[in-house]
Amino acid sequence: MKYVVCVPDGCADLPIASLGGRTPLEVANMPTLAGLAARGEVGRAAVIPPGLPPGSDVGNMSILGYDPARFHTGRAPIEAAALGLKLRPDQVAYRCNLSTVSGDGTMVDFAGGHPSTEAATRVVHALDAQLGSGVGADIEFHPGVQYRHILVAPADWAEADCVPPHDLSDKPAVWPTGPASAKLRAVMDASREIVGSFDDVAANQVWLWGQGFQPQMPSFRDQTGCEAGLVTAVDLIRGLGVLTGIDIVEVPGATGWFDTDYEGKRDAALRSLEAGADLFLIHVEATDEAGHAGNLDEKLKALEAWDRRILTDLVSGLDAMGPWRMLLLPDHPTPVELKTHTTDSVPYLLVDSEHDGPGGTYSEPATAACDPVPGHELMARLVGR
Ligand SMILES: [Zn+2]
């Protein structure tokens with residue numbers, strides 16, 4: 001038996017007036033998906049447990065079969081894992097944005113003008129050299145990608161409430177609060193002189209948030225009995241793969257953007273399954289980016305690309321290999337009219353090539369009356385455990 005998990009990030013949406021009150025999933029031309037839904041089982045999954053933020057870290061943890069209420073410690077340690085960092089028990093990881101905060105305290109740009117990774121890496125090395133032991137404790141700055149970096153600090157620095165900077169865009173920056181906030185504030189203040197000295201980045205300080213300890217997740221193999229692989233362009237999902245022992249397959253054209261190599265991801269899945277993997281997860285970010293951009297046209301295009309450029313030949317490739325099962329669902333909704341994630345439950349689809357389900361339609365309205373199942377329980381159903 002082969003298993004595939006398809007994650008169109010943020011694909012779930014809301015009814016849109018310009019679509020006659022329909023959702024993008026209802027309007028997009030997706031004949032293969034419609035055929036799969038007609039022979040499978042559709043329902044609703046609560047991928048974001050109550051009280052947790054509706055992020056891709058939380059939603060994809062659910063999809064992989066791990067209850068975020070139990071295993072999620074924060075976003076930063078998952079990104080740290082993607083960078084190959086392993087935290088000691090006496091360390092906490094913070095997400096460290098290169099951000100632009102104006103003199104009057106407004107969060108002008110949480111992404112600090114999107115510096116190149118090369119330029120940002122020089123800034124982060126300078127921060128590490130000058131602040132690494134200059135703030136009364138051993139802290140480490142680790143360069144990541146573009147504006148997204150990691151600070152590793154002593155465990156007691158975890159005791160703070162931090163606001164994600166992308167929730168503060170064009171608003172007054174809300175500084176950390178709580179017992180460790182003074183230490184965080186000291187680092188953020190001290191970073192201004194260092195970051196500001198680089199003419200080739202628009203960012204002028206670091207912003208610390210998303211902290212957490214090393215998550216203690218059992219391996220995916222132990223959880224499911226499956227050797228698994230995944231393909232994604234997103235650090236958080238790579239990090240979840242690292243933390244659970246899932247093989248991360250590189251596809252050069254996987255960009256995390258509208259122009260991603262859909263066929264490359266599909267073929268990576270088929271190749272990996274043919275080579276012996278039991279399960280493969282295909283993640284595509286384009287639907288989420290279209291939601292954030294408020295770009296309905298790109299969201300429809302990304303959905304149709306899923307159908308035409310992934311699902312159609314994926315299904316025929318799987319058929320040629322033998323019996324298979326598929327789980328398809330997003331990690332959270334990203335409605336184009338809201339341009340941000342929501343905590344709503346999402347439609348899911350389960351298909352078994354050998355046993356027809358009750359059949360249905362894969363859309364938000366068609367599953368609206370279903371009682372949501374906890375998202376992390378679907379993996380066990382997929383692999384029959
Ligand atoms: Zn998103």
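How are helix 10 and helix 12 oriented relative to each other? The close-ups below come from a predicted model, and the first one takes up that question.

**View 1. Helix 10 meets helix 12.** Here you see helix 10 (residues 262–274) and helix 12 (residues 296–321), whose axes come within 9 Å and cross at roughly 20°. Angles under 35 degrees count as roughly parallel, so these two helices are roughly parallel to each other. Their crossing is right-handed. Look for the residues in contact: helix 10 brings, among others, Tyr 262, Arg 266 and Leu 273, while helix 12 brings residues including Trp 306, Asp 313 and Met 321. Sorted by class, this contact has 11 nonpolar, one polar and five charged residues.

**View 2. Helix 6 meets helix 7.** Now zoom in on helix 6 (residues 117–131) and helix 7 (residues 181–196), with axes that come within 10 Å and cross at roughly 120°. That angle makes helix 6 oblique to helix 7. The crossing is right-handed. On the helix 6 side, the contact is made by Val 123, Ala 126, Leu 127, Gln 130 and Leu 131, and on the helix 7 side by Val 187, Ala 190, Ser 191, Ile 194 and Val 195. By class, that gives eight nonpolar, two polar and no charged residues.

View 3. Asp 288 and His 292 both sit in helix 11 (residues 286–292), four residues apart, or about one turn of the helix.

Notes. Residues numbered from 1 in each chain as written. Predicted model: local features only at pLDDT ≥ 70, side-chain atom pairs only at ≥ 80, totals over all residues. Heavy atoms only, no water. Axes fitted to C-alpha atoms, helices over the stretch in contact; angles between N-to-C directions. Parallel < 35°, antiparallel > 145°, perpendicular 65-115°, else oblique. Left-handed = near helix turned anticlockwise from the far one by under 90°. Contact = heavy atoms within 4.5 Å. Nonpolar A, V, L, I, M, F, W, Y, C, P; charged D, E, K, R; others polar.
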